[in-house]
Amino acid sequence: MAVNTLQDMAEAKRLVVKIGSALLVENGEPALGRLRTLAADIAKLREDGTEVIVVSSGAIALGAARLGLAKGGRANLADAQAAASVGQVALAQLWAEVLGTHDITAAQMLVTIGDLEDRRRYLNAAATLERLLEAGAVPVVNENDSVATEEIRFGDNDRLAARVAQAANADAVLLLSDVDGLYDRPPHEPGAALIERVEGVTPEVIAMAGDGSSSGMGSGGMLAKLQAARIAERAGIALTIANGTADHSIAQALATGRGTMFLPVRADNARKSWLGGRQALEGVLTVDAGCVAALSDGASLLAPGLIEVEGDFERGALVSLHGPKGERLGQGLVEYSAAECRAIAGLKQTEQEARLGYAPRAAVVHRDHMVQG
């Protein structure tokens, strides 16, 4: 169904709800009252015909308190992994308990970025989510921080929620946080205004985001939420940021409509939606102004327009595409290694074979393996 307002989310067939750490953990202890009202809201949505997937933060915060770790378990990677190992058990038990009071089965699903970056594993995750929902369970998803590394991880559950929504073919994503939504300037400044509706996450919108988590407990911030919105919009999925600090915060957000809704500006096919949501970039290809114009018309990236290559990657790697002024154009799967890209950059097709020692491929990045934006 089309989701054009926050109230429409109450009618969605499938909804992903992400809940931040600051909402679930207070002074190292579970916020049981809020958890119980969230569970009641989820039960009401299910009664009304909406399937719900929960992306739940809080494992590191809970685990750090139980282990007595400094800085909420985020002092270093080893602490975060240890805290997550303890906290994931506690978090799963909490969700099983509060959902169980409504005769709802909770299903824990821990994923790494690799589970959603690799196409085969992504499809497996999608199939698992589908089967759990068919069976009447509520999947409770979290990043598997106990094994994730600093270099290979989502790093926040906002982007994870958007990727889960893609995999689950959800209609909408609701990001519950300790902020009302996106403001046109830092919310503490005089005259700051809440932006209620965004059509397309542009560089100007990104510039409104501040860095870091306002609570200091989670790993996300407004920038991560905007990145999540960009992932969702590629797949035709509406995403809303709303304040989750009140009791029955899901019901309240859906009833009042207060928050920032990001409307999808396009609906890529399933493969391009997955490709656009991938995050593990291995390099950057910079192209000239003529190539920028050709790409905007739907062309492939050809060697004559390539002017600079960054990174050390092999054929099939995910690379970011930039214009001559450094502006990001999109991303795609490259047909050559970094060394081969450097060798043929700027060369006409007739010149490429002599440099490569074999007949050149049709493109450096084919349009079928590229997404813009």
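**Helix α2 on the sheet**

I looked up helix α2 (residues 32-47) in this predicted model. Helix α2 lies across β1 (14-19), β4, β6 and β7 (172-177), contact meaning heavy atoms within 4.5 Å. Helix α2 runs at about 155 degrees to β4. Axes are lines fitted to C-alpha atoms, for helices over the stretch in contact, and angles run from 0 to 180 degrees between N-to-C directions. Helices (H or I, at least four residues) and strands (E, at least two) are DSSP runs, numbered from the N terminus.

I noted the ground rules: residues count from 1 along each chain as its sequence is written, and side-chain values use heavy atoms, without hydrogens and water. Local features need pLDDT of at least 70, side-chain atom pairs 80 or more, while totals for chains, interfaces and linings use all residues.

**The sheet**

I traced the strand order as β5-β6-β4-β1-β7-β9-β10-β8. These 8 strands form an open sheet with mixed pairing; a pair needs at least two DSSP bridges. β5 (106-111) and β8 (197-199) are the edge strands, each pairing on one side only. From one strand to the next, the twist averages 20 degrees.

I then checked β4 (residues 51-56) against β6 (residues 138-143): they run parallel, joined by 2 bridges. V54 stands opposite V140 in β6.

**α6 against α7**

I looked at helix α6 (residues 119-134) and helix α7 (residues 157-168): their axes come within 8 Å and cross at roughly 75 degrees. That makes α6 roughly perpendicular to α7 (65 to 115 degrees; under 35 is roughly parallel, over 145 roughly antiparallel, the rest oblique). Y122, A126 and L129 in α6 meet R163, V164, Q166, A167 and A168 in α7. I sorted the contact residues into 6 nonpolar, 1 polar and 1 charged. Ala, Val, Leu, Ile, Met, Phe, Trp, Tyr, Cys and Pro count as nonpolar, Asp, Glu, Lys and Arg as charged, the others, Gly among them, as polar.
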